[in-house]
Amino acid sequence: MQAHAHLGHLVMRAERYLKLDAAPGEVRVVVSLMLGPSETRRALEPADTNADGSITQAEADAYLVGWGAELQRELTVTIDGAPAEGVVWRDGVLDPIGPIAMQPLTVEMIAHVPLRGGEHTLRVRDAMDLARLERTDVAFRTHDEATLLRAGAGEAPAELERELSFGLDYAPPGGRVFTAVVRTPEEPMSRAVIAALLLGVFTLVGAVVALAARRKRRQ
C-alpha cells in the first residue's frame, strides 16, 4: 500500500476517493468517484430513467438518493465499536448532467455522522465493489479544534497515516477497514440549558424568600 495522493491525471476507468473528516459535533465521510470517459455511459444509464440520452436535475437527484441508500449498506460507520447513530447521506453531486457523452464524470456523496466531544475511535468498513475501481485514495482529516491522534488501515492503527492508497486487488484479512482515533472539544453548555438552570435557581430562590416571608408573618 502506498501512502501518497494520486491527483491531476486522466482517469481511464474509475477511481475513488474516501475521506474521514472529524470536527466538533460531526464526522463527515466523503465518497467521490471519478470515472473516465469509457465508463460514463455505463454509469449513467440507470439514471436516465426516460431513456432519452440525457440526465435532468430531477433524474440526477433521484440517482443520488438511490446511491446514498447503497452507500449506507456498503460503507458502515462505527463509533467506539458501536454502529453510528443518526447517519445521514446527503450533499450529493453528479457532474456533469445533460446529454450523456464520452467525458469524465464525478459522483460524490457525504455521510454526516453526529459526534460527541471527547476521544473517539471512528471506523469505516468498506464493502464497495472494487471490480471497476482501478485505485482508491483514503484521507484522514480534522478541523476546527479536532485532533487526529492515530489513523490508518485496519482495526487498530498504531501510527498516524494521513493518506493511503490501494488498487482493486486489495483484500486484507478481515476485510477493508479504515480507522481514525480523534479528540474533539467537549460541547459547551447550550444557551437553552443555561437558561433552564438559571430559571431553576431563580425559582428556588423565590420559593425560599416566600417561605421566609410567611414564617416572619407568623411570628
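**Briefing: cavity, pockets, backbone geometry and strand pairing**

Asp 91 lies in strand E6, where helices (H or I, at least four residues) and strands (E, at least two) are DSSP runs numbered from the N terminus. The phi angle of Asp 91 is near 60°, a positive value in a residue other than glycine. The model is predicted, so local features need pLDDT of at least 70 and side-chain atom pairs count only at pLDDT 80 or more, while totals for chains, interfaces and linings use all residues. Residues are numbered from 1 along each chain as its sequence is written, and side-chain values use heavy atoms, with hydrogens and water left out.

**Backbone geometry**

- Asp 91 counts as partly exposed because its relative accessibility is 38%; buried means under 20% relative accessible area, exposed over 50%, and partly exposed in between (1.4 Å probe, protein chains only).
- Glu 145 also has a positive phi in a residue other than glycine, near 75°.
- Glu 145 sits in the loop between strand E10 (135–142) and strand E11 (147–153), and its relative accessible area of 68% makes this residue exposed.
- A cis peptide bond, with omega near 5°, joins Asp 95 to Pro 96.
- Pro 96 belongs to the loop between strand E6 (88–95) and E7.

**The cavity**

- One cavity of 30 Å³ or more is present in the structure; on a 1 Å grid over the protein atoms alone, a cavity is a set of points where a 1.4 Å probe fits but cannot get out, and a pocket is an open set with protein on both sides within 12 Å along at least five of seven lines.
- By class, the lining of the largest cavity has eight nonpolar, three polar and no charged residues; Ala, Val, Leu, Ile, Met, Phe, Trp, Tyr, Cys and Pro count as nonpolar, Asp, Glu, Lys and Arg as charged, and the others, Gly among them, as polar.

- Thr 40 lies in helix H1 and is buried, with a relative accessible area of 2%.
- A polar atom of the Thr 40 side chain lies 3.3 Å from the backbone oxygen of Gly 36.
- Leaving aside residues up to four places away in sequence, Thr 40 touches Leu 35, Ala 101, Gln 103, Pro 104 and Leu 105, where contact means heavy atoms within 4.5 Å.

**The pockets**

- The largest pocket has a volume of about 550 Å³.
- Its lining comprises 18 residues, with Leu 33, Ala 43, Tyr 63, Trp 67 and Arg 132 nearest the centre.
- Strand E2 (25–35), H1 and helix H2 (57–74) each supply at least two residues of that lining, and H2 gives the most, with five.
- The lining of the largest pocket divides into eleven nonpolar, one polar and six charged residues.
- The second largest pocket has a volume of about 200 Å³.
- Residues that line the second largest pocket include Ile 79, Asp 80, Glu 85, Arg 116 and His 120.
- Strand E5 (82–83) and strand E8 (105–115) each contribute at least two residues to the lining of the second largest pocket.
- Six nonpolar, one polar and three charged residues make up the lining of the second largest pocket.

**Strand E13 and its sheet**

- Five strands form an open sheet with antiparallel pairing, in the order E5-E4-E9-E13-E11; two strands pair if DSSP finds at least two bridges between them.
- E5 and E11 stand at the edges, each with a single partner strand, so one side of each is left without a neighbour in the sheet.
- Strand E13 (residues 176–184) is mostly covered, with eight of its nine residues buried.
- Strand E9 (residues 118–126) pairs with E13 in the antiparallel sense over nine bridges.
- In E13, Thr 179 is the bridge partner of Arg 123, and Ala 180 is the bridge partner of Leu 122.
- E11 pairs with E13 in the antiparallel sense over six bridges, and Ala 153 stands opposite Phe 178 in E13.

Definitions and conventions: 1 Å grid on protein atoms, 1.4 Å probe; cavity = no way out; pocket = protein on both sides within 12 Å on 5 of 7 lines; lining within 4 Å. Points joined across faces, edges and corners; volume = space filled by probe spheres on them. Polar contact = N/O pair within 3.5 Å; in protein donor to acceptor, adjacent residues only side chain to side chain.
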